[in-house]
Amino acid sequence: MKTYNTVIVGGGASGILSGIYLDDKNSIILEKNDILGKKILLTGGGRCNLTNNATKKEYMKSYYNSGKYYIDAFNTFFNEDIRQLLKDNGCNTKVEEDNRVFPVSDKASDVVNTLTKILKNTSTKYRLNSYVTSISYNEGLFKIKYNNNVIQSKNLILATGGTSYPKTGSDGDGIVFTTSLGHTKPKNMGGLCPIKVEETWPRKLQGITNYVSIEIKANKKSIVKDSGSIIFTHNGLSGFIILDNSMIVEKHLRKNQDVIINLDFVSDYSYESLDKTLQEDFSNNSNKTLKTYLHKYLPKNMAIVFLENIKIDSNKILNQVTKKERIKIRDNLKKTTLTITSVLENESMVTNSGVKQKEINPATYESKIVPNLYIVGELVEGCGICGGYNLQKAFSTGVLAAKTIRDKYYDSY
Ligand SMILES: Cc1cc2nc3c(=O)[nH]c(=O)nc-3n(C[C@H](O)[C@H](O)[C@H](O)COP(=O)(O)OP(=O)(O)OC[C@H]3O[C@@H](n4cnc5c(N)ncnc54)[C@H](O)[C@@H]3O)c2cc1C
């Protein structure tokens with residue numbers, strides 16, 4: 001039976017980086033898909049928000065559970081390192097709003113192709129279409145079964161991802177393996193999830209994006225105030241500010257509290273200033289229809305649905321709008337309330353739960369339960385908010401585990 005120095009299970013963001021930094025001819029990545037980095041292709045809406053240019057101090061505040069937990073990983077390999085690595089290999093990156101970093105080409109495929117090329121130039125091998133089905137540990141060696149093969153390894157890096165978007169390959173195998181090796185099984189996977197709302201009218205807006213301020217209340221008490229983009233979905237809302245706050249919402253729903261979200265579509269205006277503007281505009285643009293006028297505040301396709309919902313004729317000419325209707329428009333632009341019924345865990349973008357942080361040594365990402373087992377990427381409990389923090393966590397933890405193994409076995413390489 002072939003015995004490797006290191007087997008990496010999973011050729012996603014963390015596994016590829018582990019492979020690159022191991023650079024060892026006696027190590028191999030086993031990936032069940034027919035390409036590496038399948039999930040990376042979907043990230044950032046196909047543009048790949050690969051990291052965030054924020055400071056480490058900001059990073060510490062950008063993860064659930066504890067951002068500080070990742071400090072050794074970030075000290076080993078941080079945002080400037082992944083950008084430099086890509087740049088050195090022909091993939092330049094750029095910084096956008098909120099310090100989000102994307103490839104200049106705006107193509108996630110360029111990130112995947114570049115990382116694949118870098119990996120190919122190292123000694124580490126990779127094998128696609130290789131589905132790992134079981135892992136056991138005995139007398140210092142891991143026995144790994146994939147397809148119809150069995151191999152052994154002195155070290156094992158589990159880089160199988162969480163349970164989000166299972167069609168990309170990360171469907172929870174990592175938890176099956178770590179549980180069978182003695183780690184605690186997480187109770188639920190949680191994560192950054194869209195929300196479902198009771199009202200049906202927003203479904204007509206599916207796919208529409210809007211910049212809003214939100215306030216989320218549980219049993220009438222304010223629990224979240226935030227602003228940013230939301231996306232109307234087939235049954236509720238998604239978008240960064242929804243995803244980032246979904247775990248707080250879930251916590252309150254679990255306690256059977258009544259959770260609502262107020263959307264302010266015009267946060268630049270106070271009630272008074274909006275009313276004044278509406279009054280002035282209604283008299284100055286008297287021949288316009290309401291649906292055309294409301295494009296000033298709402299995306300094009302949204303005005304009609306918005307007016308339909310508050311039962312005002314969208315074809316009404318501005319100078320025919322009554323005071324009562326104007327106030328209703330003002331109030332709903334400032335505050336549209338939706339009732340949150342659930343957090344859609346099966347549509348989560350990133351998994352929060354995973355192998356418990358306290359069961360992994362954050363200085364090396366080696367398991368505290370099984371020696372020479374390394375756990376990296378999304379499989380480690382504690383996801384980041386949107387903005388490039390999750391890919392950076394995957395890259396950094398993947399590199400730290402690989403460097404730890406290299407340091408340990410340097411002489412035998
Ligand atoms: C739609 C979407 C958009 C996102 N956008 C962003 C973004 O813009 N920025 C950001 O920072 N994060 C983003 N994320 C999150 C980010 O993609 C993940 O956190 C990151 O990819 C995790 O890396 P990973 O290596 O841990 O896991 P993955 O990238 O999921 O890789 C795990 C790999 O392991 C393989 N695998 C699993 N089980 C087995 C097995 N039994 N045998 C063999 N192989 C196996 C899988 O096929 C997969 O290729 C997004 C996620 C989604 C779903």
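Where is the place of Phe74?

**View 1. Phe74 sits in helix H3.** The place of Phe74 is in helix H3, residues 71–76. Helices (H or I, at least four residues) and strands (E, at least two) are DSSP runs, numbered from the N terminus. Phe74 is buried, at a relative accessible area of 1%. Buried means under 20% relative accessible area, exposed over 50%, and partly exposed in between (1.4 Å probe, protein chains only). From C-alpha to C-alpha, Phe74 and Ile340 are 36 Å apart in space and 266 residues apart in sequence. This is a predicted model, in which local features need pLDDT of at least 70, side-chain atom pairs count only at pLDDT 80 or more, and totals for chains, interfaces and linings use all residues. Residues are numbered from 1 along each chain as its sequence is written, and side-chain values use heavy atoms, with hydrogens and water left out.

**View 2. Glu308 and Lys204 meet in a salt bridge.** Their side chains come to 2.6 Å, N to O. A salt bridge is a side-chain nitrogen of Lys or Arg within 4 Å of a carboxyl oxygen of Asp or Glu. Glu308 lies in helix H10 (302–309) and Lys204 in the loop between strands E11 (195–197) and E12 (209–218), so the pair ties together parts 104 residues apart in sequence. Glu308 is partly exposed at 44% relative accessibility. Lys204 is exposed, at 53%.

**View 3. Helix H11 holds Lys334 and Arg326.** Asp264 forms a salt bridge with Lys334, with the closest N and O atoms 2.9 Å apart. This pair links strand E15 (residues 259–264) to helix H11 (residues 323–334), 70 residues apart. Both Asp264 and Lys334 are buried. Arg326 forms a salt bridge with Asp275, at 3.0 Å between the closest N and O atoms. Asp275 lies in helix H8 (residues 271–284), 51 residues from Arg326. Both Arg326 and Asp275 are buried.

**View 4. Leu42, Tyr165 and Met349 make a nonpolar surface patch.** The patch covers about 280 Å². Patches are made of residues with over 30% relative accessible area and no salt bridge: like charges are joined within 9 Å, and nonpolar side chains (Val, Leu, Ile, Met, Phe, Trp, Tyr) within 5 Å. Accessible areas come from the Shrake-Rupley method with a 1.4 Å probe; for residues, only the protein chains shown count as cover. Tyr165 lies in the loop between strand E9 (149–158) and helix H6 (173–180). Tyr165 counts as partly exposed, at 40% relative accessibility.
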